[in-house]
Amino acid sequence: MSIKKISIIVCATAGMLASSFASAQVYVGGSLGQSDKGNYCSNSTTCDSKANSYKVFGGYTIDKNFAVESSYFSAGKTSINSGLALGHSEQKKTGLSLAGVYNYEFNEAFAGFAKLGIARVKTDTFYDTSGLPPTSRAYTENHALYGLGLTYKISNTLSARTEFEVYNPKTFSSRGASVSNLSAGLQYNF
């Protein structure tokens with residue numbers, strides 16, 4: 001291949017990349033919500049599977065419809081009482097996620113999005129069983145992540161955002177319970 005042809009290919013590729021980066025946009029945000037840890041409450045006397053949650057996220061829009069987004073999240077702390085002699089336990093889940101996002105604009109103000117990705121979730125569990133010293137256990141596992149949401153454009157740089165997400169470990173292993181999260185927050189576009 002001649003140097004002239006290589007130069008033309010390099011220039012054309014650089015031009016396409018420059019035009020895609022020119023339309024690209026970085027965004028950051030945060031949200032608060034409530035998580036539900038699925039079947040965490042089976043075989044318990046009293047249990048609260050719901051907890052306050054929060055998330056901070058950042059993303060990169062590739063074009064009008066596609067983005068890549070990562071986040072740090074906390075699904076909060078849940079507790080369970082198993083009866084008179086069995087005692088009490090608490091569980092806290094935190095994690096990091098990476099997802100592909102598909103955006104669809106309904107009109108100038110409202111847009112919807114769907115996401116699919118993976119989350120690395122750490123579970124910390126504390127056990128206080130009657131007659132035994134308190135113990136704790138921690139493990140980390142991969143979860144499939146999927147979700148749906150809506151955004152409402154407040155200004156050119158600020159949007160309100162609400163979403164429903166599910167972190168499901170069954171895709172990668174046979175143990176663990178899925179966690180669902182409903183949240184609302186703000187997104188700032190640079």
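Author: Among contacts in the protein between residues at least 6 apart in sequence, 58% join residues at least 24 apart. Keep in mind that this is a predicted model.

Reader: What elements is the protein built from, and in what order do they run?
Author: There are 1 helix and 9 strands. Starting at the N terminus, the order is α-β-β-β-β-β-β-β-β-β.

Reader: How much of the protein is buried?
Author: Buried residues account for 34% of the 190 residues. To get that label, a residue needs a relative accessible area under 20%.

Reader: How many aromatic pairs are there, and what makes Y54 and Y72 a tilted one?
Author: The structure has 7 aromatic pairs. In the case of Y54 and Y72, the ring centres are 6.4 Å apart and the planes stand at 50°. Ring centres have to lie within 6.5 Å to pair, and planes under 30 degrees apart would be stacked, over 60 edge-to-face.

Reader: What does the pair of Y54 and Y72 tie together?
Author: Y54 sits in strand β3 (residues 50-61) and Y72 in strand β4 (residues 66-81), so the pair links parts that are 18 residues apart in sequence.

Reader: Why are Y54 and Y72 called partly exposed?
Author: Y54 has a relative accessible area of 39%, and Y72 comes in at 33%. Partly exposed runs between the buried limit of 20% and the exposed limit of 50%, so both tyrosines get that name.

Reader: How do you know that the charged end of R161 sits over the ring of F57?
Author: The charged end of R161 is 4.0 Å from the centre of the F57 ring. The rule asks for a distance within 6 Å and a position within 35 degrees of the ring normal. R161 is listed as sitting over F57, so the angle test is passed along with the distance test.

Reader: Where do F57 and R161 turn up again?
Author: In the lining of the second largest cavity, together with G30, S31, T162, E163, S183, A184, G185 and L186. Strand β9 gives the largest share of that lining, 4 residues. The volume is about 30 Å³.

Reader: How many cavities of 30 Å³ or more are there, and what makes a space a cavity?
Author: The count is 2. A space is a cavity if a 1.4 Å probe fits inside but cannot get out.

Reader: Which residues line the largest cavity?
Author: Y54 is back, along with S53, K55, F73, S74, A75, E165, Y167, V179 and N181. The space is about 60 Å³, and β3, β4, β8 and β9 each supply at least two lining residues. By class, the lining has 5 nonpolar, 3 polar and 2 charged residues.

Reader: What about the largest pocket: which residues lie nearest its centre?
Author: Q25, E105, T151, Q187 and N189, out of 26 lining residues. The largest pocket has a volume of about 510 Å³. Strand β5 gives the most to the lining, with 4 residues.

Reader: How does the lining of the largest pocket divide by class?
Author: There are 8 nonpolar, 11 polar and 7 charged residues.

Conventions
Residues are numbered from 1 along each chain as its sequence is written. This is a predicted model: local features need pLDDT of at least 70, side-chain atom pairs count only at pLDDT 80 or more; totals for chains, interfaces and linings use all residues. Side-chain values use heavy atoms; hydrogens and water are left out. Rings of Phe, Tyr and Trp (its six-membered ring) pair if their centres lie within 6.5 Å; planes under 30 degrees apart count as stacked, over 60 as edge-to-face and the rest as tilted. Buried means under 20% relative accessible area, exposed over 50%, partly exposed in between (1.4 Å probe, protein chains only). On a 1 Å grid over the protein atoms alone, a cavity is a set of points where a 1.4 Å probe fits but cannot get out, and a pocket is an open set with protein on both sides within 12 Å along at least five of seven lines; lining residues have an atom within 4 Å of a point. Grid points are joined across faces, edges and corners, and a volume is the space filled by probe spheres set on the points. Ala, Val, Leu, Ile, Met, Phe, Trp, Tyr, Cys and Pro count as nonpolar, Asp, Glu, Lys and Arg as charged, and the others, Gly among them, as polar. Contact means heavy atoms within 4.5 Å.
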